[in-house]
Amino acid sequence: MAAPVLRWCCPARRWILANIDRGPRHGRGAPTGSRSSGKRGQSSVAQQPLVTAQKPRKGEHQWAAVVGLEIHAQISSNSKLFSGSQVHFAAPPNSLVSFFDASLPGTLPVLNRRCVEAAVMTGLALNCHINKKSLFDRKHYFYADLPAGYQITQQRLPIAVKGSLAYSVCVGKKRSQVINKTVRIKQIQLEQDSGKSLHDDLRSQTLIDLNRAGVGLLEVVLEPDMSCGEEAATAVRELQLILQALGTSQANMAEGQLRVDANISVHRPGEPLGVRTEVKNLNSARFLAKAIDYEIQRQIEELENGGEILNETRSFDYKLGCTVPMRDKEGKQDYRFIPEPNLPPLLLYDSASLPAGADPQQVINIDQLREQLPELPSVTREKLVQQYGMLPEHSLTLLNEVGLLEFFQNVMKETRAEPKKVTSWVLNTFLGFLKQQNLAVSESPVTPSALAELLNLLDQKAISSAAAKKVFEELWRSGGKTPAQIVSEKRLELMQDQEALEQLCQATMEEHPQVVMDLKKGNPRAINKLIGLVRKATLSRADPTMIKEMLEKQLSS
Amino acid sequence: MLGRTLREVSAALKQGQITPTELCLKCLSLIKKTKFLNAYITVSEEVALKQAEESEKRYKKGYVPPYNATVVQKLLDQGALLMGKTNLDEFAMGSGSTDGIFGPVKNPWSYSKQYREKRKQKPHGENEETNWLITGGSSGGSAAAVSAFTCFAALGSDTGGSTRNPAAHCGVVGLKPSYGLVSRHGLIPLVNSMDVPGILTRCVDDAATVLGVLAGHDCKDSTTVQDPVKSFILPSLTDVSKLCIGIPKEYLVPELSSEVQSLWSKAAKLFESEGAKVIEVSLPHTSYSIVCYHVLCTSEVASNMARFDGLEYGHRCDINVSTEAMYAATRREGFNDVVRGRILSGNFFLLKENYENYFIKAQKVRRLIANDFVNVFNSGVDVLLTPTTLSEAVPYMEFIKEDNRTRSAQGDIFTQAVNMAGLPAVSVPMALSNQGLPIGLQFIGRAFCDQQLLTVAKWFEKQVQFPVIQLQEIMGDCSSVFENDLASVSLKQ
């Protein structure tokens with residue numbers, strides 16, 4: 001079977017909070033906990049080894065998967081899209097609800113300038129064409145957390161269209177080969193978020209929290225240019241980095257600021273596209289990849305068994321690791337779109353079309369926003385490669401891990417060690433420890449200054465590499481001590497006493513005459529054994545090169 | 001009241017004809033008077049009165065808005081006194097003010113000396129109780145309140161003629177300002193793209209005064225124009241020779257009563273005789289207007305009514321099997337047939353398969369209708385003169401013979417096109433019919449030329465000297481108050 005089977009090697013860690021049928025529901029208990037786990041979730045994509053589906057084996061059972069995404073990013077703004085209510089995560093239920101948000105009769109929407117600017121900036125960063133005129137529409141459906149019975153969105157003429165998002169996937173056994181990919185962006189539209197329903201099954205009640213109702217969303221529609229879970233998850237991660245760099249969204253998936261729906265179909269290459277399903281409720285990059293790959297596999301199996309794919313909405317059950325049809329989405333939805341009559345067309349200007357004497361408070365200049373765009377992640381990575389001679393895949397990891405780039409840069413500021421050395425320590429040792437203990441960069445017990453000092457000691461050859469690892473372990477275990485303190489307490493500094501080292505070498509040779517004999521017989525590996533024995537005797541405090549020199553000298557004498 | 005059935009008295013309580021306490025006191029008083037029957041062993045007077053009080057609270061429990069509409073706040077800011085809320089058709093859907101939860105509104109002219117005297121001449125002998133006239137609508141309560149001298153000005157809403165229609169039937173001035181001139185914030189929407197707060201007063205100058213208070217940009221309504229508002233103080237026109245009055249030929253429909261038609265001609269001749277240029281003009285798409293209005297109105301109604309789901313406010317049913325069942329029952333109980341009917345048709349027009357054929361087509365026709373007006377005004381016409389209604393007010397018993405939809409189509413025939421084009425229009429009472437009932441004519445102006453429109457209306461008002469309603473006979477005790485009032489009113493005129 002040549003199906004693109006994708007499976008994660010590690011068993012899933014159950015850290016994600018329960019998700020119910022519409023977007024993420026947040027446990028009221030521990031926002032801090034979910035925050036840190038979210039960061040771990042975001043980072044896991046690049047780390048997990050997987051089999052990719054990009055090149056299915058040739059044969060008559062060949063299938064190609066087609067994946068498109070709809071991403072909702074909550075706009076980072078002080079107030080909601082159409083009302084003056086504040087936007088806050090984890091505020092007491094229904095404490096951030098204006099008359100408009102509760103859809104009281106007679107209230108009218110007033111467009112938030114900040115949200116429009118965020119949409120334009122995001123559009124520009126994603127190489128979109130910005131529509132100078134865009135329109136708002138009402139999308140109707142009855143739901144308890146949608147007070148007006150409709151959502152204001154941009155169905156007919158969205159604010160930005162026809163863009164692209166470039167992202168890089170690491171492939172190969174060591175994941176050292178970087179492949180650049182592009183996904184087209186169909187459109188970006190401004191729309192309102194819904195409230196939240198909290199289902200109390202015990203008392204068969206539904207409780208409504210309207211704090212989120214009316215918060216501005218950017219819906220980013222990615223064309224079906226992806227073919228597997230990893231591609232989709234990597235594209236989402238790149239978008240997340242861009243949104244965070246722009247400051248247009250905090251884009252934290254665990255807090256529901258970034259939500260992804262995936263459209264998935266399979267077909268045989270050369271044939272028309274298959275019937276697609278939509279998978280909702282994907283609130284971590286890892287589950288996104290997992291759900292997509294499961295769904296691809298399910299569709300292939302279904303078709304190969306002579307079944308057919310229904311155009312349906314499914315949700316991902318993170319406990320079972322599979323997708324299941326959503327009961328409340330059964331049947332054809334007709335959203336009965338209608339132009340929003342209370343909002344005039346949204347007009348944007350550029351420097352050329354800006355009307356003379358226009359009130360700057362009342363107009364938005366696209367060119368001005370373009371000038372204010374910050375550095376985007378792709379540029380940051382390129383700079384790392386050029387400035388430090390870093391490998392592209394290392395620059396990818398540095399940016400993908402939340403806070404890791406900043407950590408690296410802070411170490412660089414305080415150390416004389418080579419950038420390559422620093423990169424290696426940060427990406428291998430430091431990140432390895434974090435992963436092992438399931439911690440975020442911000443939770444690390446080792447500060448950038450401590451690591452910088454340790455690397456300085458190493459650079460000065462005051463300690464050996466092996467001793468440096470021990471110091472690092474000690475730093476991790478007992479925060480508060482400086483590397484220099486640990487080195488002196490544990491007597492880890494390199495042995496500078498030549499005479500003592502020579503005596504140790506002599507003693508070792510005398511204790512192991514067989515090894516010396518081997519060596520004399522011409523076994524080149526025997527010297528390494530002797531070096532190891534001497535190092536052990538020095539408690540790893542001696543430089544192996546120096547030991548080797550001494551041993552050779554003594555043997556030849 | 002006490003002789004009625006449980007069903008009837010329940011309806012009377014709902015419509016506010018009597019309060020629970022009043023009803024309770026009536027019963028108690030009769031119990032005392034009929035003690036000799038020995039029907040009661042114990043009379044629980046205190047308990048009953050307490051229960052009546054609680055009942056009263058339950059009747060008042062409906063939705064109380066927690067904020068003021070911009071138009072209301074502006075009036076309050078100017079020191080105006082708010083006398084109360086006036087009656088109307090449910091959600092402003094109707095043209096008679098007969099289809100509201102609080103019962104129909106009665107036209108004050110039903111009780112006027114002018115109307116009664118004309119009726120005496122005829123050998124009718126019908127039941128006076130049931131023979132009262134409708135006010136027109138939907139803002140009939142506002143028109144009746146102003147007409148009966150209970151207040152000096154009232155607000156209405158005007159989506160298809162709901163201010164001008166009852167104004168014409170009640171003999172008052174009804175102004176629909178240009179769309180975008182007056183804030184809709186706080187106005188419960190019927191058709192957002194046509195709704196305008198309306199103004200009802202007893203003379204054109206008063207309407208201009210109120211408009212001066214209400215007009216202007218409101219940051220809470222993005223569809224209000226940002227331009228600074230000009231003064232609405234009306235000059236007294238002495239010379240109309242530079243005016244061009246257009247008479248749209250398509251408004252001469254077969255259903256138009258001969259009386260209204262002859263007054264319309266008389267008005268045109270009046271302008272002509274004073275030197276104005278009066279020309280026949282064509283608004284070629286007029287005949288499609290009412291159908292187009294129906295599609296657009298019901299579509300927006302379907303959308304706007306979606307929020308009344310019983311969750312956040314308003315009536316909620318007792319059913320709690322599921323959220324969907326609760327929605328369905330709440331909306332079935334909470335809306336009358338007219339509202340439900342419009343929601344159903346609107347949702348039908350908005351279905352994916354119907355959208356192009358109905359909604360989009362209606363929007364295109366709306367554009368053509370708006371262009372008709374633009375073309376006429378571009379050809380040099382200053383103001384259009386049309387009837388406001390097909391005839392004078394009809395008796396309630398007559399009115400309810402037809403269904404709401406048919407009545408609305410008839411009632412809005414001359415008024416709704418103006419809403420589709422966003423133009424200002426005003427109904428001015430001209431004269432009494434043979435039956436002694438008021439007939440109003442409508443002036444339509446260029447968009448945002450509300451002042452020019454009202455200036456012409458004021459000149460017309462002065463020429464026609466519409467008679468003051470004479471309510472002394474039926475007002476009994478209040479007659480002396482009225483005499484004083486009327487004296488001052490007539491001094492003005």
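Between chain B and chain A of this predicted model, an area of about 2800 Å² is buried, buried area being the accessible area (1.4 Å probe) that two parts lose on being put together, summed over both. Carbon and sulfur atoms give 57% of that area. The side of chain B that touches chain A draws at least two residues from each of helix 10 (286–304), helix 11 (323–334), helix 12 (337–350) and helix 13 (352–378), where helices (H or I, at least four residues) and strands (E, at least two) are DSSP runs numbered from the N terminus. Helix 13 of chain B gives the most to this side, with 5 residues. Sorted by class, the side of chain B that touches chain A comprises 17 nonpolar, 13 polar and 10 charged residues; here Ala, Val, Leu, Ile, Met, Phe, Trp, Tyr, Cys and Pro count as nonpolar, Asp, Glu, Lys and Arg as charged, and the others, Gly among them, as polar.

In terms of contact (heavy atoms within 4.5 Å), 40 residues of chain B meet 30 residues of chain A. The polar part of the interface consists of 18 residue pairs in polar contact, both at pLDDT 80 or more; a polar contact is a pair of N or O atoms within 3.5 Å, in which, within protein, one must be able to donate a hydrogen and the other to accept it, and residues adjacent in sequence count only if both atoms are side-chain atoms. The count of salt bridges between chain B and chain A is 0, the term meaning a side-chain nitrogen of Lys or Arg within 4 Å of a carboxyl oxygen of Asp or Glu.

Over all chains the structure holds 28 salt bridges. One of them joins the side chains of A:Arg156 and A:Asp137 at 2.4 Å, N to O; A:Arg156 sits in the loop between strand 5 (150–153) and strand 6 (160–171) of chain A, and A:Asp137 in strand 4 (residues 137–140), 19 residues apart.

| Site | Value | Loop |
|---|---|---|
| B:Gly137 to B:Ser138 | cis peptide bond, omega near 15° | B:Ser138: between helix 5 (113–121) and helix 6 (140–147) of chain B |
| A:Asn94 | positive phi of about 60° | between strand 1 (64–74) and helix 2 (113–125) of chain A |

The UniProt record, an unreviewed entry, places the feature "domain: Asn/Gln amidotransferase" at residues 406–555 of chain A, an annotation that may be inferred rather than shown by experiment. Over residues 406–555, chain A is 71% helix and 0% strand, with the end C-alpha atoms 50 Å apart.

As for confidence, the model scores ipTM 0.86 and pTM 0.83. The pLDDT (the predictor's confidence in each residue, from 0 to 100) averages 84 in chain A, where 88% of the residues score at least 70. Residues 1–60 of chain A lie below 50, yet this stretch has 134 contacts in the model beyond near neighbours in sequence. Chain B has a mean pLDDT of 91, with 93% of its residues reaching 70 or more, while over residues 479–493 the value stays under 50. Where pLDDT is low, the predicted coordinates should not be read in detail.

Residues are numbered from 1 along each chain as its sequence is written, and chains are lettered from A and ligands numbered from 1 in the order in which they are written. Local features need pLDDT of at least 70 and side-chain atom pairs count only at pLDDT 80 or more, whereas totals for chains, interfaces and linings use all residues, and side-chain values use heavy atoms, with hydrogens and water left out.
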